Amino acid sequence: MSKQQSECKFKSKIGGQALIEGIMMRGIDLSAMACRLPDGTIDVETWRIRNGKSAPWYLKTPFIRGCFNFAISLVDGMKCTMKSAEKQMTDEDEEEEELSPFEQWLSNTKAYKKLEAKLEGEDGKSVMNTIMIVVCVIVMAISICAFKFFPALLSGLLGIIGAPDWSKTIAEGVLKIVLLVGYMWLISHMKEIHKTFKYHGAEHKTIACYEAGLELTVENVRKQTRFHPRCGTSFIFLVVLLSIAIGMFLPWKNIFVRFGLQLLMLPVEASIGYELIKLAGRCDNLFTRIISAPGLWLQRITTCEPDDPQIEVAIAALTPCIPADKSDDKW
């Protein structure tokens with residue numbers, strides 16, 4: 001690497017998310033979504049966001065911003081995922097789609113027609129936002145039960161044979177990790193998810209190319225690593241590890257009390273995990289390498305080597321998010 005290239009290297013704040021046949025990038029004050037349409041073209045949408053200096057205090061204050069930013073990312077990610085799925089629908093698909101008897105009956109009900117009219121009206125956007133929030137809450141509730149309550153419940157059964165609390169805590173931690181890694185591994189073998197994971201790899205490679213100070217070309221992006229310390233996968237793994245550490249100090253006398261305390265600790269875990277991820281994104285030292293290692297290992301499952309057309313989509317998504325003054329994007 002030349003001296004000029006070395007001086008161009010930096011740590012960016014831009015992050016992204018893989019979608020269905022596309023990628024969403026979140027920049028300093030602009031977000032973009034690029035999708036590969038069925039006809040082979042790339043569709044790009046951009047929108048302004050409140051970030052940096054313009055963001056409210058609760059999105060900037062350390063150890064408070066983590067929960068809010070995570071919730072916003074979850075809702076925005078769900079919206080973009082649904083929008084990217086809609087973009088894959090062609091007119092022929094819509095014409096060929098046949099309604100089941102139940103769907104035909106439902107579409108003729110007054111309640112359905114009122115909802116349809118409302119969605120097509122001016123209030124449609126707010127209604128869809130509400131639906132997205134409800135969906136995210138349901139997804140979060142299911143995830144919490146799967147990764148917090150059931151491991152605690154199963155580990156608590158060890159008390160029947162007189163096992164000490166420390167062994168139950170270890171068993172609970174092992175179950176959490178097995179559930180997370182097992183879930184990621186299973187869904188990675190689904191055809192559509194595998195393709196999404198390839199877009200995830202393209203997202204990381206493109207950001208790495210940008211951070212290396214290289215021109216955003218398919219050839220340059222292809223050479224980059226698909227692993228990045230500032231990734232949602234790493235964040236999730238860190239939160240799980242933090243929950244295991246905090247769980248060492250929670251009582252086992254009543255499983256429902258323990259679960260309730262775990263719920264109370266979830267914002268704390270998310271806040272600490274968020275700060276650690278940001279630290280890993282802007283610093284490269286022994287501590288950040290240690291905290292990044294588990295997440296980077298898990299990214300071997302959640303990211304795959306992308307094809308050139310997927311890299312093209314990632315470049316199209318990242319390009320609008322690059323600020324005119326790159327100093328605005330440095331930590």
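I noted that the model is a predicted one.

Glu312 is partly exposed, at 34% relative accessible area. Arg36 is buried, at 16%.

How many salt bridges does a search of the whole structure find? I got 17.

I looked up Glu275. Its salt bridge partner is Arg65, and the closest N and O atoms are 2.7 Å apart. Glu275 lies in helix H11 and Arg65 in helix H2, so this pair ties together parts 210 residues apart in sequence. Are these two residues buried or exposed? Both Glu275 and Arg65 are buried.

Then I took Arg226 and Glu305. Their side chains meet in a salt bridge of 3.5 Å, N to O. Arg226 is in the loop between H9 and H10, and Glu305 is in the loop between H12 and H13. Arg226 counts as buried at 15% relative accessibility, while Glu305 is partly exposed at 43%.

I also found a network of salt bridges linking Asp43, Glu45, Lys83 and Lys87.

Helices came next. H7 and H10 pack at about 170 degrees, with their axes 9 Å apart. Angles over 145 degrees count as roughly antiparallel, and H7 and H10 are therefore roughly antiparallel to each other. Among the residues that meet are Ile177 and Leu180 in H7, and Phe237 and Val240 in H10.

Last, I looked at the surface. Leu154, Leu157, Ile160 and Ile161 form a nonpolar patch there, with about 460 Å² of accessible area together. Leu154 sits in helix H6 and is partly exposed, at 48%.

Definitions and conventions: Residues numbered from 1 in each chain as written. Predicted model: local features only at pLDDT ≥ 70, side-chain atom pairs only at ≥ 80, totals over all residues. Heavy atoms only, no water. Patch = residues over 30% accessible without salt bridge, like charges linked within 9 Å, V, L, I, M, F, W, Y side chains within 5 Å. Areas by Shrake-Rupley, 256 points an atom, 1.4 Å probe, with all protein chains shown as cover. Salt bridge = Lys/Arg side-chain N within 4 Å of Asp/Glu carboxyl O. Helix = DSSP H or I, 4+ residues; strand = E, 2+ residues; numbered from the N terminus. Buried < 20%, exposed > 50% of the residue type's maximum accessible area, 1.4 Å probe, protein only. Axes fitted to C-alpha atoms, helices over the stretch in contact; angles between N-to-C directions. Parallel < 35°, antiparallel > 145°, perpendicular 65-115°, else oblique. Contact = heavy atoms within 4.5 Å.
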